[in-house]
Amino acid sequence: MPTTCVFQLDHLNPVYNSGEYISGRILLRTDKVKRVNAVYVTLEGEAKVQWSMSGKSETANYSGHQQYLHSRTNVFDNSLFRAGVHVYVLTLRIPPDCPSTCKGPYGYIAYNISLTIDKPWGFDEVFRKPIHVVQTLDLNYNTEFALAVKDENIKYLCHWPCISGPIASTLILPASGFTPLQEVPFRLEVDNQSPHYDIIGLEVSIKQHFVFLSRKPVKRNFYTKTLCKELITDRTLRLSKRLYEASICVPMDTPRSTLNPNYIVFLHYTLQLKLKTGYFHYDTELSVPIVVGTTPLRHMRGSVHTQQPSRRTPTPERQRLIERVSPRPPTVTEETAQETAAQPHQTIPDDEPPTYDSCLPPSFSFATLGSQQTLDSQASSVLQRIQMPKFPGFTTFIGTAPAHGFEDSGLDMHHYRSYGSLDTDQTGRSLDTFGSLCGPLSEQIEIEEIAPTEVHDVSAEVHHAQEEHEF
């Protein structure tokens, strides 16, 4: 039977804030005596970037590496590692300035806890458990996050001699700092002085921007992703003015903004708004920067949701459409028992055609929204049975179990096996700490049945290791 290792942490969902302690235990089971140099536990955090660009004659490779965290604690120093179940109790601390876990197309920031069996010959056996780190950012500590931000634009459609009047637009946000699940209110002032064209609608979105920095050689690469998008179909007619006031919600699992420009993986956000002019004209774009933190501003805490909103507030045009297609009132009412008893001899004339009111087709709103409740209830029951880990999972609304006394917690009911890196076997021969997998353990570990059992207490204070950057 191969060697197995189970990581049992105090958080069922391994998400930790920067500066927080990691408590738990590691269960290592071996079926035979092993000759080893040492057995040690490591807490690592690093960032890696890599991409390539092909030219006409050659291909250039770009890469970079940055170490944020490295801590090693030996739990066994003898040469003979006997068979049985070995239990190691952990208490590790994450430095407060470690960046948040994130993943992009050209790089990532990842953290993991690993247990290594150092063998004098052959390959080492490495078992890894990835964790997610969220760097805390209180938006109230910096007054700049509470200041309003604004962007202006003036656009002329067509060119001389067919130039039209200007379209002036101003986008205003009451603040620049927000948190996940918080509404971002905005106001747009539009002055359409074009005599020929209307503004047919708006497109509002939150953009996520990655900046990857390579060290060999020095080069930057960029990537932009749309987190959420909404459409506003209200028109601004020609030679008229209009004021738009709406909001958009920041998605739940949005990583925190990066404020240190020396990191090789830099992350920031913007709120982008497009004015749709139609025809063959380019859309007018307005963009303002926003900062995503973990603690909302005091005067805007009322706009934070406890869960992701499923339905948005309909626009006036959509509201009028819903009212137009609402279910029609019934045209024929059934006679009650009293009316039937009062008029026992009332009959329907034979020459009158039969009524088909009960066979009318359903209304548009009932056909599209009538069965939504049933489908949602079925989907929710399925989702309750399926629990899959997400990357990255930055939701801090999770329950925690105490570091000691695992008998009263739910950790003993959930066992996980930590495998090696991608494209490698169980021994974990690759050094790529990011490509690690976790799967449910197919069999339970019964410590009572195995006589040789060791319990070790491993308490380590992680020392922060961050290299200096030069541009």
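Where is the place of leucine 181? Leucine 181 sits in the loop between strand E14 (177-178) and strand E15 (183-192), in a predicted model whose local features need pLDDT of at least 70, whose side-chain atom pairs count only at pLDDT 80 or more, and whose totals for chains, interfaces and linings use all residues. Residues are numbered from 1 along each chain as its sequence is written, and side-chain values use heavy atoms, with hydrogens and water left out.

**View 1. The protein chain as a whole.** The secondary structure comes to four helices and 23 strands, where helices (H or I, at least four residues) and strands (E, at least two) are DSSP runs, numbered from the N terminus. Of the 471 residues of the protein chain, 42% count as buried; buried means under 20% relative accessible area, exposed over 50%, and partly exposed in between (1.4 Å probe, protein chains only). Among contacts with a separation of 6 or more, 75% are accounted for by residues 24 or more positions apart, a contact being heavy atoms within 4.5 Å.

View 2. Leucine 239 counts as exposed because its relative accessibility is 54%.

**View 3. An open sheet of four strands.** The strands follow the order E12-E13-E15-E18 with antiparallel pairing, two strands being paired if DSSP finds at least two bridges between them. Strand E12 (149-156) and strand E18 (240-249) are the edge strands, each pairing on one side only. From one strand to the next the twist averages 15 degrees, with axes taken as lines fitted to C-alpha atoms (for helices over the stretch in contact) and angles running from 0 to 180 degrees between N-to-C directions. E12 pairs with strand E13 (residues 166-173) in the antiparallel sense over eight bridges, and aspartate 151 has leucine 171 in E13 as its bridge partner.

**View 4. Strand E16 and its two antiparallel partners.** In strand E16 (residues 201-215), 14 of the 15 residues are buried, so the strand is largely enclosed by the rest of the structure. E16 runs antiparallel to strand E17 (residues 218-232), to which 14 bridges join it, and antiparallel to strand E19 (residues 265-276), to which 12 bridges join it. Lysine 207 stands opposite threonine 226 in E17 and opposite threonine 270 in E19. A hairpin of two residues joins E16 to E17; proline 217 has its place in this loop, and the peptide bond from lysine 216 to proline 217 is cis, with omega near -15 degrees.

View 5. A search of the whole structure finds seven aromatic pairs, where rings of Phe, Tyr and Trp (its six-membered ring) pair if their centres lie within 6.5 Å, and planes under 30 degrees apart count as stacked, over 60 as edge-to-face and the rest as tilted. The rings of tyrosine 68 and tyrosine 263 have centres 5.2 Å apart and planes at 80 degrees, so this pair is edge-to-face. It links distant parts of the chain, with tyrosine 68 in strand E6 (residues 59-76) and tyrosine 263 in the loop between E18 and E19, 195 residues apart. Both tyrosine 68 and tyrosine 263 are buried. One aromatic cluster is formed by Trp51, Tyr62, Tyr106, Phe210, Phe212 and Tyr223. Arginine 72 lies over the face of tyrosine 40, at 3.7 Å from the ring centre, a charge being over a ring if NZ of Lys or CZ of Arg is within 6 Å of the ring centre and within 35 degrees of the ring normal.

View 6. Isoleucine 113, found in strand E10 (residues 107-118), is buried, with a relative accessible area of 0%. Not counting residues up to four places away in sequence, the residues that isoleucine 113 touches include Phe7, Ile22, Leu90 and Phe127. The C-alpha atoms of isoleucine 113 and isoleucine 22 are separated by 10.0 Å, although these residues are 91 residues apart along the chain. The largest nonpolar core has 76 residues, with Leu115 and Leu173 having the most contacts inside it; such a core is a set of buried Ala, Val, Leu, Ile, Met, Phe, Trp, Tyr and Cys residues joined through side-chain atoms within 4.5 Å.
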